[in-house]
Amino acid sequence: MTDNDTQVVRAGAAAQGPYALDIDPKRAGWGYSSLRVLELPPGGSHPLAAGDSEWIVLPLSGGCTVDVEGESFELLGRRSVFSSVTDFAYVPRDVHARISSGAGGRFALAGARCERRLPARYGPAPEVPVELRGTGNCSRQVNNFAAAAPAGGGKSGGSFECDRLIAVEVLTPGGNWSSYPPHKHDEHHPGVESELEEIYYFEVEGENSLGYHRVSPSRPGGTDVLAEVRTGDAVLIPDGWHGPSIAAPGHTLYYLNVMAGPGEEREWLIRDHPDHGWIRDTWPSQPVDPRLPLYGPEELAQ
């Protein structure tokens with residue numbers, strides 16, 4: 001088990017200009033998924049050239065204005081990823097946008113190379129589906145702001161339409177395991193498993209706090225990572241059984257998942273690790289962690 005230098009991106013290691021994190025397909029060594037974390041000072045602004053990718057601008061802390069294709073989307077944002085769900089904006093491929101913030105803040109730009117050019121749109125916070133997944137010490141909260149379509153639902157399905165991009169937020173209360181049982185999505189098996197590259201971006205509540213993340217090989221020579229993760233770290237997952245993500249007691253663990261792949265359908269189909277999938281059968285007999293939900297879509301950022 002290793003903290004693989006090519007798969008674990010430490011906070012600041014992939015910084016570039018205004019981006020605290022800048023991962024594109026070339027940096028990751030794959031074909032589709034991207035993630036940037038933009039830091040703007042009060043009164044700051046930044047041009048975004050979408051290129052061949054679609055993007056979602058997701059406030060991590062603070063609010064911003066996204067100007068694109070003659071429209072202006074005012075994002076109220078939030079205090080932090082631990083305080084509330086947030087509104088967001090969709091930026092299509094082949095456009096130029098500008099992100100501005102009067103008070104400053106940090107903004108995730110989740111991207112995916114794609115073919116279709118969809119319209120620029122606003123995603124309201126009250127419409128973000130909040131899901132409680134698992135039970136007992138496997139309980140976690142999933143904010144499905146850009147989840148994939150159900151199997152067979154086509155590219156227009158899911159909670160928010162994108163061409164290839166799939167993105168969700170996960171919050172794991174201190175002491176719990178999430179991304180568990182370990183699962184994978186690195187092969188195309190119709191109706192069973194979809195091929196998706198994935199980025200995990202982490203934040204941990206509390207000063208000097210940490211969590212852990214595991215990726216084990218699903219093939220000879222595959223991804224093998226056991227990493228201590230802190231705020232600003234990311235893990236790249238081109239293949240492998242990923243999970244668990246472990247929250248240290250007393251510290252909520254947040255991660256942003258960004259996924260995309262070559263499949264004709266935009267869908268998230270996973271295969272559980274055969275040694276650990278049985279844990280799902282125990283969930284109906286246990287209550288959901290009473291600390292959840294940490295918040296719902298009705299929470300306000302201010």
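Strands, as named in these legends, are DSSP runs of E of at least two residues, numbered from the N terminus. The model shown in every view is a predicted one.

View 1. Proline 181 lies in the loop that runs between strand S14 (177–178) and strand S15 (183–184), and the peptide bond joining tyrosine 180 to proline 181 is cis, with omega at about 5°. Serine 179 is found in the loop between S14 and S15 as well, where this residue, although not a glycine, has a positive phi of about 50°. With a relative accessibility of 5%, serine 179 counts as buried. As background to both features, most residues other than glycine have a negative phi, and most peptide bonds are trans.

View 2. Glycine 243 and proline 244 are joined by a cis peptide bond whose omega is about 5°. Proline 244 is found in strand S20, which comprises residues 241–247.

**View 3. Asparagine 208, an exposed residue with a positive phi.** The loop between strand S16 (197–204) and strand S17 (211–216) holds asparagine 208, which is not a glycine and yet has a positive phi of about 60°. Asparagine 208 is exposed, its relative accessible area being 67%.

**View 4. Aspartate 87, buried and without a salt bridge.** Aspartate 87 is found in the loop between strand S6 (71–78) and strand S7 (88–91). Although buried, aspartate 87 has no salt bridge, and arginine 78, the nearest side chain of opposite charge, is 7.8 Å away; a salt bridge would require a side-chain nitrogen of Lys or Arg within 4 Å of a carboxyl oxygen. The side chain of aspartate 87 does reach the backbone nitrogen of glycine 77, at 3.0 Å, and a polar contact of 3.3 Å joins this side chain to that of threonine 86. When residues up to four places away in sequence are not counted, aspartate 87 touches Pro59, Glu74, Leu75, Leu76, Gly77, Tyr122, Gly123, Pro124 and Ala125.

View 5. A disulfide is a covalent bond between the sulfur atoms of two cysteines, and the structure holds zero of them. Cysteine 114 is in no disulfide, and the nearest cysteine sulfur, belonging to cysteine 162, is 8.8 Å away. Cysteine 114 is buried, with a relative accessible area of 4%; cysteine 138 is also buried, with a relative accessible area of 5%.

Key. Residues numbered from 1 in each chain as written. Predicted model: local features only at pLDDT ≥ 70, side-chain atom pairs only at ≥ 80, totals over all residues. Heavy atoms only, no water. Disulfide = S-S within 2.5 Å. Buried < 20%, exposed > 50% of the residue type's maximum accessible area, 1.4 Å probe, protein only. Helix = DSSP H or I, 4+ residues; strand = E, 2+ residues; numbered from the N terminus. Lys, Arg positive; Asp, Glu negative; His and termini not counted. Polar contact = N/O pair within 3.5 Å; in protein donor to acceptor, adjacent residues only side chain to side chain. Contact = heavy atoms within 4.5 Å.
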